[in-house]
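Okay, thanks for having me. Let me put the structure up and then walk you through a strand and a ligand site.

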Amino acid sequence: MNIRMHSSDCANSWDTVFTGTTEYHWREPHPVVARLLRSVTAPRAGSVLDLGCGYGRHTLLAAEMGFSVTAMDVSPVALAFVRDRLSGVPGASLLQHNMSSIPYPFSEEEFDLVIAIQVIHHQASCGVEATLAEINRILRPGGLALVSLPSRLQQGPRWEMLDDRTAIAADGPEKGIVHFLCPEEDSARELFGTFEVESVVLDQWDHWCVLARRS
Ligand SMILES: C[S@@+](CC[C@H](N)C(=O)[O-])C[C@H]1O[C@@H](n2cnc3c(N)ncnc32)[C@H](O)[C@@H]1O
């Protein structure tokens, strides 16, 4: 399986994360994603974008369930890992692309579902808004986005605040990586103004998991 290369602006930081730690070997799918995929009873296998796929726990699950999946990430190291994990599993393609580089190389209304777990907050607020607008463009009408956004900074690293909702890790495995926060549920909801929000749950990692439908 080939990895389509599109752009790699901030790939280095994430390659370092994936090369330097085993903490990112997240194998078990997020329970909210697993529940959603199991609940989809479309008459046909839907098309899924796993945006910021990391080590591909959701790509693999969706492909094994018969969805047609595109796994997109900025990190070639992560994508190489996903490619190995997918060997023998049909229905997935890989794309190296920076989510800040808009438009993504997809047509309008290409996907039934976009999954972005612990990904889109790795940019400033304007980037988060632009990514959500792009997700809206590539979803078919009625399609779903499942996006998680942190309600707080994790303990461990030292944080430098860029503004009251944006911080950058000053040390630790994610040194130099931006984190945008949604402290309250409403601040997460309001980012999805062009969608119909179906549910918001706070997961065990204190991320808001927003399930939103494209109108
Ligand atoms: C915390 S990990 C989450 C991985 C995966 N979604 C999961 O739930 O296992 C964040 C992922 O976002 C990717 N990422 C961060 N910034 C990105 C960007 N600008 N464009 C594309 N992917 C990015 C990272 O490479 C990493 O794989």
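So, in which sense do strand 2 and strand 3 pair, and over how many bridges? They pair in the parallel sense, over five bridges; strands here are DSSP runs of E with at least two residues, helices are runs of H or I with at least four, both numbered from the N terminus, and two strands pair if DSSP finds at least two bridges between them.

Quick housekeeping. This is a predicted model, so local features need pLDDT of at least 70, side-chain atom pairs count only at pLDDT 80 or more, and totals for chains, interfaces and linings use all residues. Residues are numbered from 1 along each chain as its sequence is written.

Back to strand 2, residues 47-51. On its other partner, strand 5 (residues 111-116), there are three bridges, again parallel. Asp50 shows both pairings: its bridge partner in strand 3 is Ala71, and in strand 5 it stands opposite Ile115.

Is strand 2 buried or exposed? Five of its five residues are buried, so it's largely enclosed by the rest of the structure. Buried means 20 or more other C-beta atoms within 10 Å of the residue's own, with C-beta atoms placed from the backbone. Ser47, Leu49 and Leu51 cover one side, Val48 and Asp50 the other.

Now the ligand. It has 20 residues around it, with Trp14, Gly52, Gly54, Val74 and Ile117 among the closest; the cut-off is a backbone-placed C-beta within 6 Å. Domain 1 (1-11 + 44-98) and domain 2 (109-215) both contribute to that shell, so the ligand lies between them. Those bounds come from an automatic or database domain assignment.

Key
Buried ≥ 20, exposed ≤ 12 C-beta atoms within 10 Å, placed from the backbone.
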